[in-house]
Amino acid sequence: MSRSRVSRRCTTALVTAVTSSALVLVGAGGASAHGGRPPGLPPGGSAVATLGDSYASGEGAPAPGAQPWTTNVFGDSGSDGCHRSALGGHAVFGESLAGHRGRGYVNAACSGATTATLVSGSKGERSQLDALGPRTRTVTLSIGGNDAGFSTVATACNTVQPVPGAPSCENALAGSAAALRALTSAPAGGVSPLEQLYRTVQARAPHARLVVTGYPLLFPTGTASARCDVIAPQARTLVNQATLQLNAAAASTAAAVGATYVDLVRPFTGHSSCEADPGASWINSIVPQDPVLSFHPNAVGQRAITASLEAVRCSLRPRH
C-alpha cells in the first residue's frame, strides 16, 4: 500500500473518531468565521480545543475585512485584546480535526497569556480550562513565551523607537533569563510550573491527547541582514538562545507527561522576522502601525504551523 493511501486512511479514521464526539457536542466551538451567535460550551467540554498565548491565537495574521478577530463563547477577541484569528495555524488545524465546519472546536487562546493566566483567565475572559472536559479528545497548546518575558525584551531592546516606561535592554534580558529558569525549574520534591500546567490540562481533559507547539526562532542564526537591526544584536542572540532553551524544556516536559511536542524551529529556518528578502520572512518584524502584530507569524507562517501540526495528526490517538 502506498504511503499516501496509508496517510489518507489514518487521517480518515482519526477524523471519524473525533467528529463522532463532535456530533454529540453540536456547536461547541463556533468562531465567528462560521456566522451566527456562538453557543455555550457543553458540560463535557469541546471535542478539540486550543489553549495558550498569541502564538496559539494567531495574533500575527488577522483575517482580512471588517472582522479580523473572531468571537466565540470566550468573548469578542478583537474588543478584549485576545486576538484570535480564523487564519491562525492552531485554529485551522483544530477546525479541520473537529470536522463539521469546525463545530466541536473552540479556540480559547489569548494574547499575553501565561501559565498562570491561562488557568485564572485574563482580559475579562474566563479560564481557558473551561474549554475542556471528559469529552475533549485533542488539545493544542502554545505557552511559555510570556512567562519568559520575550515581549518585554522585544519592547526594551528595539532600536526603532524608545518605549516610555520600558526597562533597559540589559535589565529586560536579565529578567527574562531569571523568569525562564523559574518557569522550567522544579523545586525539591515538586514539578516545574510548565509541567504543572501540562498536568493540569491533562487532568481537565483526561481522555485527550495534548499537543504542544514550540516557538520558531525570531532571528537568523547566521549572518543577519540590516533588517534585523530593529533589535539590538546582543538581544537577538540571547532571545534565540532562550527560545531554544524554552523549546527544549517544553519538549522534555511533554515527553515526561505523555504529550506530543511539535517543533517549529526547523520549518521556520530561513524564514525569520528579518530575512534579507522580506518575502521570505514568515514572521512579522516590528510593525509600527500595529505593534501587536510584531514578532508573530504572518499568514504564511500560520500555514506553516498548521502543516507542522498536520504532520503529527496520525499519532494523535485519544487517551483512555
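Predicted model: local features only at pLDDT ≥ 70, side-chain atom pairs only at ≥ 80, totals over all residues.
Which residues form a disulfide with Cys157, and how far apart are the sulfur atoms?

1. Cys157 and Cys169 form a disulfide in which the sulfur atoms are 2.0 Å apart. The link of Cys157 and Cys169 is right-handed, with 100 degrees about the S-S bond. Cys157 sits in the loop between helix 6 (150-156) and helix 7 (169-184), while Cys169 belongs to helix 7 itself, and the pair, 12 residues apart, links distant parts of the chain. Since buried means under 20% relative accessible area, Cys157, with a relative accessible area of 2%, is buried.

2. A search of the whole structure finds three disulfides, and another of them joins Cys82 to Cys110, with an S to S distance of 2.0 Å. The torsion about the S-S bond of Cys82 and Cys110 is about -75 degrees, so this disulfide is left-handed. Cys82 lies in the loop between helix 3 (77-80) and helix 4 (89-98), whereas Cys110 lies in the loop between strand 4 (105-107) and helix 5 (115-120), so the pair ties together parts of the chain that are 28 residues apart in sequence. Both Cys82 and Cys110 are buried.

3. Cys228 and Cys274 also form a disulfide, and here the sulfur atoms are 1.9 Å apart. The link of Cys228 and Cys274 is right-handed, with 85 degrees about the S-S bond. Because Cys228 is placed in the loop between strand 6 (209-213) and helix 9, and Cys274 in the loop between strand 7 (260-262) and helix 10 (299-310), the pair ties together parts that are 46 residues apart in sequence. Cys228 counts as buried at 0% relative accessibility, and Cys274, with a relative accessible area of 1%, is buried as well.

4. As general background, nonpolar side chains tend to be buried together in soluble globular proteins.

5. For a reader comparing the handedness of the links, the pair of Cys82 and Cys110 is left-handed, whereas the pair of Cys157 and Cys169 is right-handed, and the pair of Cys228 and Cys274 is right-handed too.

Key: Residues numbered from 1 in each chain as written. Heavy atoms only, no water. Disulfide = S-S within 2.5 Å. Helix = DSSP H or I, 4+ residues; strand = E, 2+ residues; numbered from the N terminus. Buried < 20%, exposed > 50% of the residue type's maximum accessible area, 1.4 Å probe, protein only.
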